[in-house]
Amino acid sequence: MEDEIPGVEVGDVPQLRPQSLVLSFFGNHVLDRAESGLGVYSGSIIDVLGRVGTGEQAVRSTLTRMVNRGLLRRQREGRRMFFGLTPHAEDILRDGGRRIWRDGAVNEDWDGTWTLLGFSLPESWQRQRHDLRSRLTWSGFGALYSGLWIAPGRADVREIVSELGLDAHVKVFHAQADAFTDVGLMIRESWDLETLAARYVAFDKRWSTADVAEADPIATRLRLVAEWLRVIRIDPRLPVRHLPTEWPARQAQDTFRRIAEQTAGPAGRMAADVLETTPLRPAPLEMP
């Protein structure tokens, strides 16, 4: 299978979007480099993503789309094109970094607070209703009822609501459940725990049995981080004390962090050898 990590025997390899791999690449090897405004030669990006089975044409078209979406900026040096992160992309990657390394996949410090979001939209606003539900799901909310969604903790949804132009149709509260409320049952009714647990189990099974010692470290780490983000981005970090016993997130997280530690040094050294980079010139100021 072309998506398999070179030198690692694995099965059931998930399909990762090229954009996810490009972001993982920049998050691993560019974001925290000392140089300010670092650009990476397109040929280097093509080389690295080719190691995980992404073809040259797919990489080139993805880079172009990401420039158009404001995630990357490009700079020509002679006949070569270099790509660097925009401030928007840096924010996305730093948020993902906090989710991976600081927050983690196991929520043991929940204070009992819930964010409640209620909305009522005209019947004809089907697109707006779909967009709102999609953004809420992505942000960790579950549907308690049709127009009432909940998330653990104090979730900030002002940006989502404002971007969709729904400020006048949405009400947000922070509250705690009454003692007679079965929080465990409420969670099972509002989120698809079976699917979420299955993703953690699959990740752990795949990576805990992988022999990464002789594998290509830059390809291994690229896939590892991209796959882990794919799992935890759909996890609302529900309070572990209200989840089924033996919740698989902890074991999967331990596996992720073990292999991330093993590959950090080798992948960084290889990246320093194979990546061609250049400082990016300051972006031109936009006229008001």
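Is arginine 237 buried or exposed, and at what relative accessibility? Arginine 237 counts as buried because its relative accessibility is 17%, under the 20% limit. The close-ups below come from a predicted model.

**View 1**
Most residues other than glycine have a negative phi. Arginine 237, at 17%, counts as buried.

**View 2. Helices α4 and α9 cross at roughly 90°.**
Helix α4 covers residues 87–103, and helix α9 covers residues 217–232. Their axes come within 11 Å. The crossing angle is roughly 90°, so the two helices are roughly perpendicular to each other. Which residues meet here? From α4 come Gly96, Arg99, Ile100 and Trp101. From α9 come Arg221, Val225, Trp228, Leu229 and Ile232.

**View 3. Helix α4 has five named buried residues: Ala89, Leu93, Gly96, Arg99 and Ile100.**
The buried residues of α4 pack against α1, β3 (80–85), α9 and α10. Among them, Gly96, Arg99 and Ile100 are also listed in the meeting with α9. How far apart are the end C-alpha atoms of α4? They are 22 Å apart. The 17 residues should span 24 Å at 1.5 Å a residue, so the two values agree. Just after α4 comes glycine 104, with a positive phi of about 75°.

**View 4. Helix α1 spans residues 18–29.**
The helix has 12 residues. From its first C-alpha to its last, α1 reaches 16 Å, close to the 16 Å expected at 1.5 Å a residue. Its buried residues are Gln19, Leu21, Val22, Leu23, Ser24, Phe25, Phe26 and His29. The buried residues of α4 pack against α1, among other elements.

**View 5. Histidine 29 lies in helix α1.**
Histidine 29 has 8% relative accessibility and therefore counts as buried. What does histidine 29 touch, leaving out residues up to four places away in sequence? Its contacts are Ile218, Ala267, Ala271 and Leu275.

**View 6. Strand β4 is joined by bridges to β7 and to β6.**
Strand β4 runs over residues 113–119 and is mostly covered. Of its 7 residues, 6 are buried. How many bridges join β4 to β7? There are 7, and the strands run antiparallel. Strand β7 takes in residues 170–176. Within this pairing, threonine 115 has histidine 174 as its bridge partner. A further 5 bridges join β4 to β6 (residues 148–152), also antiparallel. Here glycine 118 stands opposite leucine 148.

**View 7. Strands β5 and β6 form a hairpin.**
Between the two strands lie 2 residues. Strand β5 covers residues 142–145. It is joined to β6 by 3 bridges, and the strands run antiparallel. Alanine 143 stands opposite tryptophan 149 in β6. Strand β6 is also bridged to β4.

**View 8. Glutamine 75 and arginine 76 are both in strand β2.**
Strand β2 comprises residues 72–77. Glutamine 75 counts as buried because its relative accessibility is 6%. Its side chain makes a polar contact of 2.5 Å with the side chain of glutamate 77. Which residues does glutamine 75 touch, not counting those up to four places away in sequence? They are Arg80, Met81, Phe82, Thr278, Pro279, Leu280 and Arg281. Under that rule, arginine 76 touches Met81 and Arg281. The C-alpha atoms of arginine 76 and leucine 280 are separated by 9.7 Å. Along the chain, these two residues are 204 residues apart.

Notes: Residues are numbered from 1 along each chain as its sequence is written. This is a predicted model: local features need pLDDT of at least 70, side-chain atom pairs count only at pLDDT 80 or more; totals for chains, interfaces and linings use all residues. Side-chain values use heavy atoms; hydrogens and water are left out. Helices (H or I, at least four residues) and strands (E, at least two) are DSSP runs, numbered from the N terminus. Buried means under 20% relative accessible area, exposed over 50%, partly exposed in between (1.4 Å probe, protein chains only). A polar contact is a pair of N or O atoms within 3.5 Å; within protein, one must be able to donate a hydrogen and the other to accept it, and residues adjacent in sequence count only if both atoms are side-chain atoms. Contact means heavy atoms within 4.5 Å. Two strands pair if DSSP finds at least two bridges between them. The expected span of a helix is 1.5 Å times one less than its number of residues. Axes are lines fitted to C-alpha atoms, for helices over the stretch in contact, and angles run from 0 to 180 degrees between N-to-C directions. Angles under 35 degrees count as roughly parallel, over 145 as roughly antiparallel, 65 to 115 as roughly perpendicular and the rest as oblique.
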